[in-house]
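The sequence and structure are shown first.

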Amino acid sequence: MPNERSRAVIMTRDFLVELSRDSSLPEKVRRDAKFLLRHFPTQDDVFLAGRIEEQSETLPLGAMGPVFSSSVTG
């Protein structure tokens, strides 16, 4: 479901931020988390993508349908 996918992406970003700031972890883990965050979507990015997908009936979404939702609730 798009709302579950949105929630998972947002929570994954939060997890990567947490990893990147945890000084008890090895430097490589923190550096890798920071590297991944460089292009990882923010909550605002995810919700904007969801709004665009929900409002546009002309997008060629194919059989998969919307990828994201504009909220994380059903």
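## Secondary structure

Helices here are DSSP runs of H or I with at least four residues, while strands are runs of E with at least two, and both are numbered from the N terminus. On that basis, the predicted model of the protein holds three helices and zero strands, and its elements follow the pattern α-α-α when read along the sequence.

## Confidence of the model

The protein has a mean pLDDT of 88, with 85% of its residues at 70 or more. Confidence is highest in helix α2, which covers residues 27-37 and has a mean of 97, whereas helix α3, covering residues 43-55, has the lowest confidence, at a mean of 88.

## Burial, surface and contacts

Of the 74 residues in the protein, 24% are buried.

Among the contacts with a separation of 6 or more, 55% are accounted for by residues 24 or more positions apart.

## The largest nonpolar core

Five residues form the largest nonpolar core, namely V9, I10, V46, F47 and F68. The elements that give two or more residues to this core are α1, which spans 2-21, and α3.

Note on methods
Residues are numbered from 1 along each chain as its sequence is written. This is a predicted model: local features need pLDDT of at least 70, side-chain atom pairs count only at pLDDT 80 or more; totals for chains, interfaces and linings use all residues. Side-chain values use heavy atoms; hydrogens and water are left out. pLDDT is the predictor's confidence in each residue, from 0 to 100. Buried means under 20% relative accessible area, exposed over 50%, partly exposed in between (1.4 Å probe, protein chains only). Contact means heavy atoms within 4.5 Å. A nonpolar core is a set of buried Ala, Val, Leu, Ile, Met, Phe, Trp, Tyr and Cys residues joined through side-chain atoms within 4.5 Å.
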